[in-house]
Every structure is written in C-alpha cells, then in structure tokens.
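Welcome! Please take a moment to look over the sequence and the structure below, and then we can walk through them together.

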Amino acid sequence: MRIAITSTGNTLESTIDQRFGRCAYFVIYDTESKAVEIIPNPNKVVEEGAGPASVNLVAARNVNKIVSGEFGIKIKSMLDSLKIQMIIMKEPEKKINEIIEMLNH
Amino acid sequence: MSPRLKVLRKVLNPPVIKGFKPYGAEKSLQDSIPVNLLYEEYEAMRLSDYDMLNHLQASVVMGVSRPTFTRIYASALQKIAKAFVEGRQILIEGGKVYFDSDWYSCRACNCYFNNPEKEKPIEKCPLCGSNQFDKFDTVDFNNEIHDNPSDVQCVCPECGFEQEHQIGVPCKKEVCPKCGKGMMRKEKKNCKRN
C-alpha cells in the first residue's frame, strides 16, 4: 500500500504540511517495500486549481491514502471518486518519520 | 443574463439502484419517457423520510439553504407522483451533486479519516492501527449553521501578514500592505471543518 504525506521539507525530519494542495513536498511511502520517495510539489505557487492538480500528481503514483492537515472542498469529492482515503492530522509539529512509524503499527 | 449558478449539493449515500420500473400495466408503456429523478432529489427524500430529519437539519447535511432543500424535496415528490400516476419508469441520475463519505475520528492518535469504500466497514484506524475510533459527524446541529465572517482572516503567503477579512471582498483580490503580493484566505482554528 502506498501512502502520500504532505511535508514542509524534503527530509524525514520535516514536519507535516497542514495544507494539501499547496504543500511544499509529498512524501510517498510504500508500506510493503518501506521505500520513501520525496517529490516537490509544483503546484505550491500556482494561483488557482492547486488542489485538483495535486490530486492528479499523487493519483498518478497510485497512492491509496493521503495524510495531511486539511483537504479542500474540491479535493474531497475528487478523492472520494478515486477511492483514496483521506487522513486528517491536525498536529503541525508531527514529523514525517513519526507518521511513518505510526503507519507501520 | 445567465441564471444564478446552483450550489453543489452534498450526497452522502448514492442510491443502490439506478431506478424503478412499473409492472402490470394494462396497456403497453414501453414508449413512455421515464421520469428523471436527480441524485439530489433522491438524497432529499432519503434524509427527510428515511432518516426522519427535519428540513433544516437535512439542508445542513446537503450543504444548501433550508428553502432550497424544500424546493428540491417538493420537486422529488412531484416527480415520483407523476411516475406513479402515469405509470412511468423512474431513472435516478444526474443533478448538481458531489459525493461525500463517512468520517471517523481516532482517539488514540487524534486524527480524522474517511471511509472511501462504503461497502467495507472500518476495523482499525488507518494511521495508528488502534480500534479506538468513533463515527465523526461532520455537521453539528447545535453549532451555528452559517460561517461567522469574523472567523476568516486574509493572510499573505509571502510574509505571513494577517488582516481582518472584508465581507464581500475576495481574499485573493486583497493586496498585502507590506510586500504587495496577493492575499489568501485563512480560517481561525476554532472554525468548523466542512
């Protein structure tokens, strides 16, 4: 299973980004191979439509779940139809490696 | 002038069937045009008559105003009556809707998550794996229904400058007085999730 986590930086020590569409980086974690891929988000600076563009970006990488601080109204319906699970983590201090540890439960 | 745009209606559970067919007709009804019941009309009927919510509660669930909900509901009744009387098929499709799923909250890791696969019930929290989760109602009927405008702030994405949101002026149209960049919307922490 592949899980995308929104991140403020490009290391595993970075904290979770509270926004989905305009987050700085996506960390894609594979629970089977334990592989981590970090991709910068090109939609961080676009004026409009950052959310749907980011959905397409992560959906192209076959993720099943997304962990972020918040999801916009346009994104929720898109992810619902793509059957991607949304996990809302309202703790801005949580580090990426802490979340990965939780996912390994 | 084009008419005012319709607000997207939220549908929690799409219907399990695509429509209804009449049976036992005295004369052939094969060529009759089916009645098109929209998804939002189906949902209005489900909330009002199956879940027994009142129109105000149901309108909050669907994300429309109470009068709009009543109009959707009245139109649903009218279409169903028409299909019954004229012996027509009912086709449930279309409408200006989006689908939402059920939400849960986990007490162990303090997160919220949804269930995109409606058929499969959630067994454990997808994040920490504990089973201490509850069904989370996105709509709290006791809370104020409308957004409080003072809950909204405009924030500059460049320097983080914040100012009180002016009602009627989109945050994107505001210019940051410090660095001259366009502002963005920011909601205060106590603002409800929707």
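## Getting oriented

Helices (H or I, at least four residues) and strands (E, at least two) are DSSP runs, numbered from the N terminus. By that count, chain B has three helices and eleven strands. Along the sequence, they come in the pattern β-β-β-α-α-α-β-β-β-β-β-β-β-β.

This is a predicted model, in which local features need pLDDT of at least 70 and side-chain atom pairs count only at pLDDT 80 or more, while totals for chains, interfaces and linings use all residues. Residues are numbered from 1 along each chain as its sequence is written, and chains are lettered from A and ligands numbered from 1 in the order in which they are written.

## Chain B as a whole

A residue is buried if 20 or more other C-beta atoms lie within 10 Å of its own, exposed if 12 or fewer, and partly exposed in between, with C-beta atoms placed from the backbone. Of the 194 residues in chain B, 22% are buried. Two residues are in contact if their C-beta atoms, placed from the backbone, lie within 7 Å. Taking contacts in chain B between residues at least 6 apart in sequence, 59% join residues at least 24 apart.

## A sheet and its helix

Two strands pair if DSSP finds at least two bridges between them. In chain B, three strands make an open sheet in the order β2-β4-β3, with mixed pairing. β2 (19-20) and β3 (35-37) of chain B are at the edges with a single partner strand each, so one side of each has no neighbour in the sheet. β3(B) runs parallel to β4 (residues 90-92) of chain B, joined by three bridges. One bridge partner to look for is B:I92 in β4(B), which goes with B:L37.

Helix α3 (residues 66-86) of chain B packs on this sheet and touches β3 and β4 of chain B; its direction makes about 150° with that of β3(B). Such angles run from 0 to 180 degrees between N-to-C directions, and axes are lines fitted to C-alpha atoms, for helices over the stretch in contact.

## A buried helix segment

Which residues of helix α2 (residues 55-62) of chain B are buried? They are B:A58, B:S59, B:V60, B:V61 and B:M62. Their cover includes β1 (9-11), α1 (39-50) and α3 of chain B. Just after α2(B) comes B:G63, with a positive phi of about 75°.

## Where the chains meet

Between the chains, 17 residues of chain A are in contact with 16 residues of chain B. On the chain A side, β4 (65-68), α2 (73-82), β5 (85-89) and α3 (96-103) each supply at least two residues. β5(A) gives the most, with five residues.

β5(A) also pairs with strand β7 (residues 111-114) of chain B, in the antiparallel sense and over three bridges. Here A:I88 stands opposite B:Y112 in β7(B). Within chain B, three bridges join β7(B) to strand β6 (residues 103-106), and the two run antiparallel. B:S105 also stands opposite B:Y112. β6(B) and β7(B) form a hairpin with four residues between them, and B:N110 in the turn has a positive phi of about 60°.

## Two helices in chain A

Helix α1 (residues 50-59) of chain A packs against α2(A) at an angle of about 25°, with the axes 9 Å apart. Angles under 35 degrees count as roughly parallel, over 145 as roughly antiparallel, 65 to 115 as roughly perpendicular and the rest as oblique. α1(A) and α2(A) are therefore roughly parallel to each other. In their contact, A:G51, A:P52, A:V55 and A:A59 of α1(A) meet A:K74, A:I75, A:M78, A:L79 and A:L82 of α2(A).
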